[in-house]
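Please keep the sequence and the coordinates in view while reading.

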Amino acid sequence: MTKLEELLQTIRDELGADLVGSDIVGLDGFSVAGLSTDPGLNREAVSARFALAMKLALTVSEKLNLGELEDNLVTADNYITLCRSLGDGSYFWILTVKKDTTLGMVRLTMNDYAPRLWEAIPR
Amino acid sequence: MSLQGSLKDIAVADLIQHHCVDKKTVWVQIQRADKRAEVFIREGNVVHAVLDQLQGEEVIYEILGWDEGTFYIEGDVLPPLTTVHRNWTALLLEGARRLDEQNLLTTHEEKSGMAKMDEILKQMAQEIDGFEAAEVIGMDGLSIAQYSRAKLNLELIAAQLTLLIKLLDTAVNKSTGGILEDNLLTTQLHYVMMRYLPGKQHYLAVIADHRNANLGNLRLVTGVYLERLSASMPK
């Protein structure tokens with residue numbers, strides 16, 4: 001198990017049953033590491049689609065002078081998906097959790113693990 | 001003689017006028033969705049009209065506003081009844097007057113609805129810490145109501161955020177099979193909250209200062225005001 005996979009597993013243990021999926025995705029939309037607790041979740045599609053959305057969010061933030069993008073939180077009727085830029089922005093962390101999750105806790109977890117995940121990405 | 005066509009090519013008023021000027025006797029059937037109107041013209045005068053339970057002049061006034069549908073005209077069919085007594089020019093003039101009145105009323109209602117939405121946004125601003133701007137934006141990227149405390153290019157914001165919400169909508173739908181409810185973009189300087197109004201033809205976008213805004217308050221207040229905005233949306 002790689003360092004990255006170990007970290008994702010630790011995050012899964014911390015978030016427990018709330019976690020649905022977690023992926024580290026490059027700007028190309030491919031996941032370099034990830035896991036899911038829901039066999040029905042199409043991780044490939046989540047990675048590719050949300051990477052595209054994050055790229056647009058980056059452009060929109062820049063065009064509107066909103067400042068550097070930190071994260072994007074999507075609430076849908078079934079899941080909540082948080083996307084966060086890692087390090088220099090060449091990777092995203094896409095975390096999908098159940099709708100009734102305590103969002104504040106998830107954001108704290110992301111704040112905590114984002115720098116460690118960035119360091120663990122093989123370069 | 002029989003003739004058929006679409007109301008996209010010829011207006012109801014022109015259909016009536018054409019046959020009346022030529023002093024024709026015809027039976028005009030007009031279909032729009034599940035409604036079917038019949039108009040009988042005898043020797044250049046409208047003498048009978050029927051639409052569901054409605055008969056007479058009111059039918060003509062109603063169908064003059066139809067701009068979609070199909071028509072079928074059959075010649076030399078005599079009317080079963082006489083329910084219209086005004087001559088055709090007076091009928092069309094009265095119909096035009098009523099349509100103008102209706103359009104004026106709709107425009108006025110739309111304007112007052114939008115002014116009301118601007119006012120609601122202003123009230124909402126008072127309840128959001130760090131509020132900077134809010135807009136109600138259509139899926140065409142055009143804002144229909146807005147209120148801003150900061151110097152922001154609201155047109156550009158509306159256009160850019162619409163691109164984003166559309167892409168996110170597709171991302172959610174195609175990847176998790178869910179339906180997008182709202183989106184929160186967090187940057188170093190701002191929070192940008194986007195929430196659909198019921199029917200998903202418009203959404204509310206709120207921009208707040210990251211340092212002064214409270215995320216929970218932002219989500220709560222926008223949720224409450226969403227319903228008020230939806231209720232005052234021009235129909």
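In which strand of chain B is B:Tyr191 found? In this predicted model, B:Tyr191 belongs to strand S10 of chain B, which covers residues 190-196. Because 25 C-beta neighbours lie inside 10 Å of it, B:Tyr191 counts as buried, the cut-off for that class being 20 or more. Once its neighbours within four places in sequence are left aside, B:Tyr191 is in contact with B:Leu184, B:Thr186, B:Ala208, B:His210, B:Ala213, B:Leu215 and B:Leu218. The C-alpha atom of B:Asn214, a residue 23 positions away from B:Tyr191 along the chain, is separated from that of B:Tyr191 by 9.5 Å.

In soluble globular proteins, nonpolar side chains tend to be buried together. Here the largest nonpolar core holds 73 residues, and the members that touch the most others are B:Leu161, B:Val192, B:Ala205 and B:Val206. Helix H4 of chain B, residues 154-175, supplies the largest share of this core, with eight residues. Another core, of 23 residues, lies apart from it and includes B:Val12, B:Ala37, B:Ala49 and B:Val84. As for B:Val206, its contacts beyond four places in sequence are with B:Ile128, B:Ala134, B:Met193, B:Leu218 and B:Thr222.

Helix H4 of chain B also meets helix H2 of chain A (residues 43-63), the two axes coming within 9 Å and crossing at roughly 170°. Since angles over 145 degrees count as roughly antiparallel, H2(A) is therefore roughly antiparallel to H4(B). Among the residues of H2(A) that take part are A:Phe50, A:Leu52, A:Leu56 and A:Val60, while those on the H4(B) side include B:Leu161, B:Leu164, B:Leu167 and B:Leu168.

Chain A itself contains three helices and five strands, which follow one another along the sequence in the pattern α-β-β-α-β-β-β-α. Of its 123 residues, 43% count as buried, and among the contacts in chain A with a separation of 6 or more, 46% are between residues 24 or more positions apart.

At 1.5 Å a residue its 18 residues should span 26 Å, and because its end C-alpha atoms are 25 Å apart, the two values agree.

Technical notes
Residues are numbered from 1 along each chain as its sequence is written. Chains are lettered from A and ligands numbered from 1 in the order in which they are written. This is a predicted model: local features need pLDDT of at least 70, side-chain atom pairs count only at pLDDT 80 or more; totals for chains, interfaces and linings use all residues. Helices (H or I, at least four residues) and strands (E, at least two) are DSSP runs, numbered from the N terminus. The expected span of a helix is 1.5 Å times one less than its number of residues. A nonpolar core is a set of buried Ala, Val, Leu, Ile, Met, Phe, Trp, Tyr and Cys residues joined through C-beta atoms within 7 Å. A residue is buried if 20 or more other C-beta atoms lie within 10 Å of its own, exposed if 12 or fewer, and partly exposed in between; C-beta atoms are placed from the backbone. Two residues are in contact if their C-beta atoms, placed from the backbone, lie within 7 Å. Axes are lines fitted to C-alpha atoms, for helices over the stretch in contact, and angles run from 0 to 180 degrees between N-to-C directions. Angles under 35 degrees count as roughly parallel, over 145 as roughly antiparallel, 65 to 115 as roughly perpendicular and the rest as oblique.
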